Amino acid sequence: MSEPVPFEQVPLGQTDIRIPRMGIGTWAWGDRVMWGFGREYNEADLRAAFRAAVRGGVPFFDTAEVYGWGRAERFLGTFLAEEDEATRNQVVIATKFFPYPWRWRARALRRALEGSLRRLRRPYVDLYQIHWPWPPRDIRVWVRALAEQVQAGLARAAGVSNYNLEQMKVAEAILADHGLPLASNQLEYSLLRRDIEFQGLLDYARSRGITILAYSPLAMGML
């Protein structure tokens, strides 16, 4: 059997991190309520999916602390530990901080990131993202805290998720004040959800070298 052809590698924003044009989302990894983990599929299925992705040239995984209440990150950490060092070094991991309303102080982001790193069994994450621009805290609080963690070496790059155009510009400006680029904005984008094309967000991101990470590109299976 011939070796699989790796996907084309592209830069993640204006960083030196390179990712394939396709990534693997882990929203369903360990989620029992919405996705039926433990009934429709199990850990062995996730392990097989992980290995198929890595060996198929798609070693880019996006996760979050809230996916499966931490199980998605734990699964990734376990599967990575089962691989050899060369394979582990090829894998790019993105995860996300969730701005719960009870997370009031900026240091909550650092603690959340440290928890993610323990579950992932990694000293740093390649891309750390703010999951939603939700109140009560102003997004500026979280973006500044995010910049500090990149500067501290706990993340290689800073990103946001579900930020509209104006929020993305604010995040970009704050990171620039810290000497950092905004690497990415993760957004729902598919043939059924093309809002970012009509709002000017996609064009702006392209003009500024900000990668759009599209989630639910198949509209959660509808396509």
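**Helix packing and strand order in a predicted model**

Good morning. I begin with a pair of helices: the axes of helix α5, residues 139-151, and helix α6, residues 165-177, come within 9 Å of each other and cross at roughly 40°. Please keep in mind that this is a predicted model. At that angle the two helices are therefore classed as oblique to each other, and the crossing of α5 past α6 is right-handed.

Which residues make the contact? From α5 come Ile139, Arg140, Val143, Arg144 and Ala147, and they meet Gln167, Val170, Ala171, Ile174 and Leu175 in α6.

Seven strands, paired in parallel, make up an open sheet with the order β3-β4-β5-β6-β7-β8-β9. Ile130, for instance, has Val160 in β7 as its bridge partner. Helix α5 returns here: this helix lies across β5 (92-97), β6 and β7, and runs at about 160° to β7.

Next, helix α2, residues 71-81. Its buried residues include Ala72, Phe75, Leu76, Phe79 and Leu80, and Glu73 is also buried. What do the buried residues of α2 pack against? Their partners are α1 (43-55), β4 (60-62), α3, β5 and α4 (107-120). In α3, which spans residues 85-90, we find Asn89. Asn89 counts as exposed because its relative accessibility is 60%.

Finally, some backbone geometry. In general, most residues other than glycine have a negative phi, and most peptide bonds are trans. The peptide bond from Pro135 to Pro136 is cis, with omega near 15°, and Pro136 sits in the loop between β6 and α5. Trp69, in the loop between β4 and α2, has a positive phi, near 50°. Ser216, in the segment after β9, likewise has a positive phi, of about 50°, although it is not a glycine.

Thank you for your attention.

Conventions. Residues numbered from 1 in each chain as written. Predicted model: local features only at pLDDT ≥ 70, side-chain atom pairs only at ≥ 80, totals over all residues. Heavy atoms only, no water. Axes fitted to C-alpha atoms, helices over the stretch in contact; angles between N-to-C directions. Helix = DSSP H or I, 4+ residues; strand = E, 2+ residues; numbered from the N terminus. Parallel < 35°, antiparallel > 145°, perpendicular 65-115°, else oblique. Left-handed = near helix turned anticlockwise from the far one by under 90°. Contact = heavy atoms within 4.5 Å. Pairing = 2+ DSSP bridges. Buried < 20%, exposed > 50% of the residue type's maximum accessible area, 1.4 Å probe, protein only.
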